[in-house]
Amino acid sequence: MFDNEGIETEIIHIGHKDIRGCLACMSCKKGYGKCVIEDIVNEIAPKFEECDGLIVGTPVYFGSANSTVISFLTRLFYSTSIDKTMKVGASVVVARRGGISSTYDEINKFFAISGMPIASTQYWNAIHGRKQGEALEDEEGLQTMRVLVRNMTFFLKCIHDGKEKYGLPEKEEFKRTNFIR
């Protein structure tokens, strides 16, 4: 559907990859410039820098996102020093039944903490199905996906035009404050 709008897309499957979680070693921030764990995260980082938007899809497992997806996102978002401001983010969640809203929130937090606008629809970006092909029977879910594509396309085009006309919003130096003093 994005192709009809002139937007280039690429699908990257990571759920079957061996991706370990962040070690909090801080090497990515101390001159190494990337994650010290050599896997698909460092391979995808340049694509993340170049893209204007990111859709993350995940099944719901025990009321949460796929753990490989979370490990991937944690390391990708933290280890990259790229400016993520105004890259459009969207989560797509599929479940047999429950856990959709918590998983939707879980993925969207990566976008929100990075200054990325979040593309939404008429409801949570979710579709129901357990077995292969069952999601195609979820008419409301399919409509939600179509609306998401249209909304994300609009967002991408508006931000592209806005950057050319106005530039990006002014940034302030980040002030880190601990809650315990």
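Q: What makes the meeting of the Arg75 and Asp39 side chains a polar contact in this predicted model?
A: The two side chains come to 2.8 Å of each other. A polar contact needs N or O atoms within 3.5 Å, so this pair qualifies.

Q: Which backbone atom does the side chain of Arg75 also reach?
A: That would be the backbone oxygen of Ile37, at 3.2 Å.

Q: Why is Arg75 called buried?
A: Arg75, which sits in helix α2 (residues 67-79), has a relative accessible area of 1%. Buried means under 20%, so Arg75 is buried. Leaving aside neighbours within four places in sequence, its contacts include Ile19, Cys22, Cys35, Val41 and Thr80.

Q: Why does Leu23 count as partly exposed?
A: Leu23 belongs to the segment before α1 (40-50). Its relative accessibility is 44%, between the 20% and 50% limits, so the label is partly exposed.

Q: What is Ile118 in contact with, leaving aside its neighbours within four places in sequence?
A: Ile118 touches Gly89, Asn108, Phe111, Ala112 and Phe155. As for Gly99, 19 residues away along the chain, its C-alpha atom is 20 Å from that of Ile118.

Definitions and conventions. Residues numbered from 1 in each chain as written. Predicted model: local features only at pLDDT ≥ 70, side-chain atom pairs only at ≥ 80, totals over all residues. Heavy atoms only, no water. Contact = heavy atoms within 4.5 Å. Helix = DSSP H or I, 4+ residues; strand = E, 2+ residues; numbered from the N terminus. Buried < 20%, exposed > 50% of the residue type's maximum accessible area, 1.4 Å probe, protein only. Polar contact = N/O pair within 3.5 Å; in protein donor to acceptor, adjacent residues only side chain to side chain.
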